[in-house]
Amino acid sequence: MAIAKAQPGKTLLNGSNHTLIMIDHQSQMAFATKSIDPVLLRNNAALVAKAAKEFKVSTILTTVAEKSFSGPMFDEIKSTFPNETVIDRTTMNTWEDSRIADRVNAIGKDKIVLAGLWTSVCIVGPALSALDQGFEVYVIADASGDVSDEAHQRAMERMIQAGARPMTSLQYLLELQRDWARGETYNETVATAITNGGGYGLGLIYAKAMFNASEGH
């Protein structure tokens, strides 16, 4: 018989049990992205980056052909990690760049969280490769996008069928917080949700302004 215990499941994410890889959030890639509005995409990417920074997640930033074709990584990400070196690649599959493998191995986490453009190329490649090598893979679906809804959905389905776990940007933030009584990160989590959490953020503004509400009480 199963026994309930007041502890998190092993597949839940926390700040110390995974590596986040943000891939090819670049202007040229965003021009052709049609499965998600580019403003929403940038907002969600910012939310993910801020969440990772707040919870001290080991984070790898990477671009493809930054200087010659695709342009710089979104400033919403770069400004959150001003001291992080961005690895610029020629490979469409991030996982085939030995510098990425070296960073992943140096960090030493079995869980890999991916977000980037395009889902069908930039994310499918490393997701399937990491799964094949024994990593647990999570994909932040709304911080990624593709040239059409069809392309994004088929890419997500392909990864899920292989064992990847889909999630959203807001889910990522709240899963890392997970307990409103966690005071050391409460204020920053709420601030990020208010700035980048869409309708949920508006609800927080209203509740705090009208009732001085606090989730931790």
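Start by selecting Thr 59 in this predicted model: its side chain reaches the backbone oxygen of Val 57 at 2.9 Å. Thr 59 sits in strand β2, residues 58-64. Because its relative accessible area is 5%, under the 20% cut-off, Thr 59 counts as buried. Now show what surrounds it. Beyond its neighbours within four places in sequence, Thr 59 is in contact with Leu 20, Ala 52, Phe 81, Glu 84 and Arg 103.

Keep the last two of those selected. Glu 84 and Arg 103 form a salt bridge, with their closest N and O atoms 3.3 Å apart. This pair links distant parts of the chain: Glu 84 is in the loop between α4 and β3, and Arg 103 is in helix α5, 19 residues apart. Glu 84 is partly exposed at 22% relative accessibility, and so is Arg 103 at 27%.

Next, pick Glu 76 and Arg 42. Their side chains meet in a salt bridge at 2.9 Å, N to O. Glu 76 belongs to helix α4 and Arg 42 to helix α2, 34 residues apart.

Finish at helix α8, residues 169-177. Which of its residues are buried? They are Ser 169, Tyr 172, Leu 173, Glu 175, Leu 176 and Gln 177. Among the elements covering them are β1, α2, β4 and α9.

Note on methods:
Residues numbered from 1 in each chain as written. Predicted model: local features only at pLDDT ≥ 70, side-chain atom pairs only at ≥ 80, totals over all residues. Heavy atoms only, no water. Helix = DSSP H or I, 4+ residues; strand = E, 2+ residues; numbered from the N terminus. Buried < 20%, exposed > 50% of the residue type's maximum accessible area, 1.4 Å probe, protein only. Polar contact = N/O pair within 3.5 Å; in protein donor to acceptor, adjacent residues only side chain to side chain. Contact = heavy atoms within 4.5 Å. Salt bridge = Lys/Arg side-chain N within 4 Å of Asp/Glu carboxyl O.
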